[in-house]
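Me: I'd like to learn how to read a few features of a protein model. Could you take me through them one at a time?

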Amino acid sequence: MHAASGKRLGSAHPREEGPTDLRLVPPALAVWVTAAVTVGAPSGRVTAVVVGCLVLAGALLALGRTAARRVTQDGAGRSRAWPRVSVAASLLCVAAAAASAGLHGADVRRGPIPALARQHAQVTAEVEITSDPRLTRPRIKGDHAAPTAVLLDAEVRQVTRAGGDGAVVATRTPVLVIVDASSPRGSPWLPGGRSPWLSLLPSTRLRVAARLAPALSGGDRIAAVLRVRGSGPPEVVGQPSGPQRFAGRLREGLRKATDGLEADARALLPGLVVGDTSRVTPELDEAFKATDLTHLLAVSGGNFTILLALFVGPPGLAQRAERRGLAPRLGIPLRATALLGGAVTLGFVIVCRPDPSVLRAAACGSIALLALATGRRRSLIPALATAVLLLVLYDPWLSRSYGFLLSVLATGALLTLAPRWSAALQRRRMLPRLAEALAAAGAAQALCAPVVAVLSARVSLVAVPCNLLAEFAVAPATVLGFAALATAPVVLPVAKGLAWCASWPARWIADIARTGAALPGGGVDWPASWPGALLLALVTAVVVLAGRRLLKHPWLSGACVVVFLLVVVQPAPLTRVITGWPPPGWRFAMCDVGQGDATVLAAGDGTAVVVDAGPDPALVDHCLTTLGITRIPLVVLTHFHADHVAGLPGVLRGRAVGAIETTDFAEPPDQAEFVRREAAARRISVTSAVAGERRRIGSLDWQVLWPPPSPAPTPDGPNDASVALVVRSAGLRLLLLGDLEPPAQQALLRSPAAGELTAVDVLKVAHHGFGFTHSLESSEPMVAYFIETKFKIWPGDRFDRLTVTEVVPFKVNCICECGKPWTLARGSWGKTRSCGCLRNEMHTKHGMRATPTYASWASMIQRCTNPNTTGWEYYGGRGVTVCERWKTFENFLADMGERLDGLSLDRIDVNGNYEPGNCRWATRSEQSLNRRPQRLRSTCRQRHEMTEENTYRDPSGKRYCRACATRRDKERRVRDAASLREWREMKAAKA
């Protein structure tokens, strides 16, 4: 042992390390797989698994005891009996995992909530919040931004169905609460327009009136979705617990300490320290995803290791006299250090929230604290296996969590692959610190990349370099961030100073993410499936094996690095030579951004004027990157619809932008405010365009034709306020109409700018006014770009049986699978499925589609499955369902036969389901006698008592109020007498 140290006097603390202890790995894997399979399985299967495993384990242990009596005392018997004991222990773990998973799965299915959710019932529920509130990411729907919503994980503790008998049912069912986040006028909103729902803490109890709906996907830990309509403040009926209030004050203090920082640091620092990503913008989040740095925003073992090392010092020195850390400097004994470390672990989980990665890190740290660091690196693998086993037994839903899987894979890579790779790199004369960092980043990426590919359908090529560069900033940002977290509730100015110091490494990390995401070859698309993950694992293995051989040849390794850099960076001259894009001398380009517009006008080398930004920042950013645009003197936003301005962050990302020019009609107001906010954050001026304005940049010049200057009539909407331009570029004239509607086009033709509409070479059509562009035929364009992106169709597109062969104005020519040519109106594309052959096949499948029998079957399906159908509340709303067999018409026809004239479908048991044995063809009179018992009314509409003496029944059995009937008879006699008197007077007058 001393000789192996390589020192003349040997090692100061020699230790003998045997092979890696993997005894707990098989039970941990068995528990994980069992929990993943059985957590949503029926109770019968779970019981069978538990009983089977217990029987097999008992049999193996019994055989082991029998064999132990026959062996000698030399220990050979124990070595032969050990495999049986190990298998028996694994089987017992499997039984425990199946039992725990079965109980947790039953918690989701039990109680009234799942049944009420299937009925889409309106309820009043008392819920307890179990997570921090979070906002949905903004989405673009058509030309407007979809409203955001607040999401909360919660448990329903009490529920009362609206309109029912008022009974309160106690339960404990996990649900997802969705709350509208829009701020109506007059609502009690928090300062800054922040929803009061976002300030709620875990363990808070609320009373909500909401509608239940089934979860979108089965096999999840939530039983239903609770949709809260309206934007009123939450009704709090129970305050959060003391620890949660304390953790909330710490997190709020950190947010206050970071309020004055630069935008990226303000958003990123709370995420690095406590996992608070509420301020992280979608743009920054996408950059972290593109570079595989999202693990920094999910608090994990790295954060906990830094925190614990500050307190107890390096684990390998914990039991030595030269142990380090804050605890020995304060004179805290070793055992007290372990106890305080456990308290730190508990506080870490409460403050950072019990996410999968946090739980895994806390479990591993707790196990390490129990042993308090023997200094053996390989003992960490049993600790990881023990943590996985205990956590999955405690919460079987973790077995289906991608976050937990990635956390375990990354930790396993750091414990197994990283030390070997680091040693190999150091043998090739790489610096030890650099070798350890590179090995850790590479090992974690190698094991986690297949799972990430399943989630994102993309493989990042810059993940390892970005993680390597960001690693040096993580520790100082985390340490200073935790210091700011601890001091913020006490001394806020000191916390702000610490947060300012932490902002520098945080900004470095954000810059690394943005730079890596902006590289053209930073990632490649990959199949988002488990076969795709397996393929990526094989490719990774091949790359690792090839890399081992390349390291022996420095020159060849250097050449591979250069090729990799060229693939990732993709310099514009080289890309133009290889791909031919962009073509030399290009003047005008349309970016493929989905619905919406993004037009690029060349104004020099790497310089362009951008007209509109489209709906997606990533798409327009990619377009500008492939065009090699790095400088934008002017961004013209024709109007404020989301499909024209929502991509503005992508235009501004990493480029020098001079100014933004827009229309002065600030509608919709939220999108107009979004543009001003993005411009203010980057100190870019925003101006308004008016007709007659002329500008020139190099060989590019343009004139604004619309909107007219003030005073001008108020436009009918944002489209009619669009900025219209005529552009001249190297002898080419382009007319860009924005989204002008036909009335505005006609007004443009009558305006003084109408003379500029002649001899246009390229006409960018207003896609909302596509059908009326003939009104501008005087421009006689040579080429017309019909950018009708609401119905963007290209030759070769396919929908069901139709394939596009040609796109012409107003129409789409297709070919059907049956070989018949077919022509559609453009608005019918995506709705029409065939030339008519599909409908004919459907009609001839059973030949009964137009019969009364089929109509009865279709009506039965609708009223039991569609909440929008008339009468749903009496069928599907009451829980009446259709059996699986009868969901196919042929089975229904075989069981019931054809419907005869005068008959209709009737359930024999009116409270039963539609199924064989409970249905018949019945006459109207038979149906009227087979009804649910009706609750007798105690009073009539006139508030008369409906007693037996005061009621009578008609021949059909319907009850009537006798007093009301007597009153109606009197009124009728009076009317008859008056009519008779009038008739006599009229007859006398005529005589």
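Me: What volume does the second largest pocket have?

Reply: Rolling a probe the size of a water molecule over the atoms shows where empty space is left. Here the second largest pocket comes to about 1,900 Å³. A pocket is an open set of points, on a 1 Å grid over the protein atoms alone, where a 1.4 Å probe fits, with protein on both sides within 12 Å along at least five of seven lines; lining residues have an atom within 4 Å of a point. Grid points are joined across faces, edges and corners, and the volume is the space filled by probe spheres set on them. One note: this is a predicted model, where local features need pLDDT of at least 70 and side-chain atom pairs pLDDT 80 or more, while totals for chains, interfaces and linings use all residues. Residues are numbered from 1 along each chain as its sequence is written, and side-chain values use heavy atoms, leaving out hydrogens and water.

Me: Which residues lie nearest the centre of that pocket, and which element gives the most to its lining?

Reply: Leu438, Val464, Val543, Val544 and Gly547 lie nearest the centre, out of 42 lining residues. Helix α17 gives the most, with ten residues; among the other elements that supply at least two are α13, α14 and α15. Helices (H or I, at least four residues) and strands (E, at least two) are DSSP runs numbered from the N terminus. The lining divides into 30 nonpolar, six polar and six charged residues.

Me: Where is the kink in α15 centred?

Reply: On Glu471, with an angle of about 40 degrees. The bend at a residue is the angle between axes fitted to the seven residues ending there and the seven starting there.

Me: How many disulfides does the structure hold?

Reply: A disulfide is a covalent bond between the sulfur atoms of two cysteines; the cut-off is a pair of sulfur atoms within 2.5 Å. The structure holds one, joining Cys591 to Cys623 at S to S 2.0 Å. The link is left-handed, with -70 degrees about the S-S bond. Cys591 lies in the loop between β12 and β13 and Cys623 in helix α20, so the pair ties together parts 32 residues apart in sequence. Cys591 is buried at 6% relative accessibility, and Cys623 is buried at 12%. Buried means under 20% relative accessible area (1.4 Å probe, protein chains only).

Note on methods: Nonpolar A, V, L, I, M, F, W, Y, C, P; charged D, E, K, R; others polar. Buried < 20%, exposed > 50% of the residue type's maximum accessible area, 1.4 Å probe, protein only.
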